[in-house]
Amino acid sequence: MNSREQLITFATIVTKEFIRFMRIWQQTLLPPAITTCLYFVIFGNLIGPRIGQMDGFNYIDFIVPGLILMQVITGSYSNVVSSFFGAKFQHSLEEMLVSPTPNYVILLGYITGGVARGVIVGLIVTVVSLFFSNLHIHNLGVLISVVTLTAFLFSLGGFTNAVFAKSFDDISIIPNFVLTPLTYLGGIFYSIQLLPELWQTVSLVNPILYMINAFRFGFLGISDISLPSSYLIIGIFIAALFVINLRLLNHGYGVRQ
Amino acid sequence: MVTSTAALEIRSLCKTYQNGVKALHDIDLKVEEGEFFGLLGPNGAGKSTVIGILSSLVNKTSGTAKVFGVDIDKNFAQAKSFIGVVPQEFNFNIFETPWQILINQAGYYGIPRHVATKRASSYLTQMGLWEKRNNRSAELSGGMKRRLMIARGLVHHPRLLILDEPTAGVDIEIRRSMWNFLQKKNQDGTTIILTTHYLEEAESLCRNVAIIDEGHLIENTSMRSLLRKIDTEIFILDLEQPIKEFPKNTGLAIRLLDEYTVEVAVDRTQNLNFLYEQLSDKNIHVRSMRNKANRLEQLFINLVSQSKESGVTIE
């Protein structure tokens, strides 16, 4: 396959993924908007005023970046895990596997689909947040790069989960028992400066902390973590997961007998 | 001197699954370009494993396979670009429309969109699916799904089309139209490998045939040679007049099923003229005649039984 043919194949996979999540928008795009509304009402309007300010900002403005990124993470991860596992489950993945499509194109196609959903969900949640808070942007470049890289990273995570999954139960274990706790403990609702020193150190092991803080920097210009450290961590995880996924595909793990 | 490259050349192909099951034992197979080749065998014989290896869904344990001279170990992508696969099980996304399925499949082979749309239109029309092109595939009947799979397998214009039980569960009318379609594709130059349980189908379509049983190749020959191995054919004769008893000493193995129906076994040293002469002499008139069972079916059963009894391969 020459590079032009590979580009056509890549576009085919991305388009297919885009059509898939747009077709079921009630399941993919609407829930994040509703969930975020509830977060804003409960944590922002009801509890927020009692908390007061955090790092010099109203509480609701402080939590907006984390809430947006949380939905980006969930959206990109669940898009790839459900789509790839679904294709495995009903064997439609074989359409791609019997073709000359290189494995890295398959991987990039699914990941781009996940990024697309993550970014669209992020935009929807951002629009919703405008009804509840006064958003101002400190650094647009940081916002765009962090949201794209985070969506890329969690799409890769979803792909790994889908490769190993053998049943539909397996695709919900990681989001429920790993992703959600790490997201909540990643500093969406608080600054780690509030934690005792020991727990501040423990929190640094959580990669999501780096993403949320970098994203918050893009909006508010404040962060518990330095920006280069955040990009470095995100980059390391992306590189590691990309290599792992590609090796899994090349070995045919979970997809070839 | 012009040498032609075989469409498929398999040497010493072995497959042992992770659970220890040996699905293929040293399979050698050659399919020439332009052939309509039958790959037969009972359930679990290893036919789908061979197809799985050629389409990269199954990793081989050892051996080599070349598609139009391209070794799958050296350039699997190019080898795969020559092959169109129509698998036994429905394996398309049931939420997608036939149109989307064909366009996507063309896309996976790097075919530009404007070419893909022309081909999708053509194959959906030829397969009688044009009216259903925008329906969800889940809504198609079994026969339509089979035809959709064939259209999908052809959309990138493969030189080698592999069909794994393409007419399973399809009514006779559609089956016949599929046969005509496949024969035409073959005449147009597409090499076809067909696995089927309908031996009548193999007999009608295939010029050469291989039989696999328990992972061993037990026969690989032309259909004509294979049929020559049939020792005895059993015919059912429907008589014009009722008879109480069939005359003895005819030299034929005859059994009266009822007063209008006779079963006659004709071995290969005899011919049908001999049979009719005997019947005319006795003033017995035949209204119609048919095979008791498909003759290839009986031979197939015999070959598989021999292979199981001897425990060795018959080459």
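Predicted model: local features only at pLDDT ≥ 70, side-chain atom pairs only at ≥ 80, totals over all residues.
Residues are numbered from 1 along each chain as its sequence is written, and chains are lettered from A and ligands numbered from 1 in the order in which they are written.

**Chain A overall**

- The C-alpha trace of chain A spans about 60 × 35 × 35 Å along its principal axes.
- Chain A comes to 11 helices and 2 strands; helices (H or I, at least four residues) and strands (E, at least two) are DSSP runs, numbered from the N terminus.
- Going along the sequence, the pattern in chain A is α-α-α-β-β-α-α-α-α-α-α-α-α.
- Some 48% of the 257 residues of chain A count as buried, where buried is 20 or more other C-beta atoms within 10 Å of a residue's own, exposed is 12 or fewer, and partly exposed is in between, with C-beta atoms placed from the backbone.
- Of the contacts in chain A with a separation of 6 or more, 82% come from residues 24 or more positions apart; a contact here is two residues whose C-beta atoms, placed from the backbone, lie within 7 Å.

**Chain B overall**

- Chain B has 10 helices and 14 strands.
- Its C-alpha trace spans about 70 × 50 × 50 Å along the principal axes of chain B.
- In chain B, 39% of the 315 residues count as buried.
- Take the contacts in chain B between residues at least 6 apart in sequence, and 68% of them join residues at least 24 apart.

**Where the chains meet**

- The contact draws 22 residues from chain A and 26 residues from chain B.
- On the chain A side, α1 (3-23) and α5 (94-97) are the elements that give two or more residues.
- The largest share of that side, 6 residues, belongs to α1(A).
- By type, the chain A side splits into 7 nonpolar, 10 polar and 5 charged residues; Ala, Val, Leu, Ile, Met, Phe, Trp, Tyr, Cys and Pro count as nonpolar, Asp, Glu, Lys and Arg as charged, and the others, Gly among them, as polar.

**Nonpolar cores**

- The largest nonpolar core holds 140 residues, and those touching the most other members are A:Ile111, A:Met211, A:Phe215, B:Leu102, B:Ala151, B:Ile162 and B:Leu194. A core is a set of buried Ala, Val, Leu, Ile, Met, Phe, Trp, Tyr and Cys residues joined through C-beta atoms within 7 Å.
- Helix α4 (residues 59-89) of chain A gives the most to this core, at 17 residues.
- Leaving aside residues up to four places away in sequence, B:Ala151 touches B:Leu102, B:Tyr123, B:Leu124, B:Met127 and B:Leu129.
- Another core, of 5 residues, lies apart from the largest one and includes B:Leu237, B:Val262, B:Leu275 and B:Leu279.

**Sheets and strands in chain B**

- An open, antiparallel sheet of 4 strands runs in the order β2-β1-β4-β5 in chain B; strands pair if DSSP finds at least two bridges between them.
- At the edges sit β2 (22-31) and β5 (70-71) of chain B, each pairing on one side only.
- Inside the sheet, β1 (residues 8-16) and β4 (residues 62-67) of chain B are antiparallel partners over 5 bridges, and B:Glu9 has B:Lys66 in β4(B) as its bridge partner.
- Helix α1 (residues 47-54) of chain B packs on this sheet and touches β1, β2 and β4 of chain B; its direction makes about 70 degrees with that of β2(B). Axes are lines fitted to C-alpha atoms, for helices over the stretch in contact, and angles run from 0 to 180 degrees between N-to-C directions.
- Elsewhere, β11 (residues 232-239) of chain B runs antiparallel to β14(B), joined by 5 bridges, with B:Asp238 opposite B:Ser288 in β14(B).
- Strand β14 (residues 286-291) of chain B is hardly covered, with 0 buried among its 6 residues.

- A:His91 is not a glycine, yet has a positive phi of about 65 degrees; A:His91 lies in the loop between α4 and α5 of chain A. A:His91 counts as partly exposed because it has 17 C-beta neighbours inside 10 Å.
- B:Phe68, also a residue other than glycine, has a positive phi near 50 degrees and is found in the loop between β4 and β5 of chain B. With 18 C-beta neighbours inside 10 Å, B:Phe68 counts as partly exposed.
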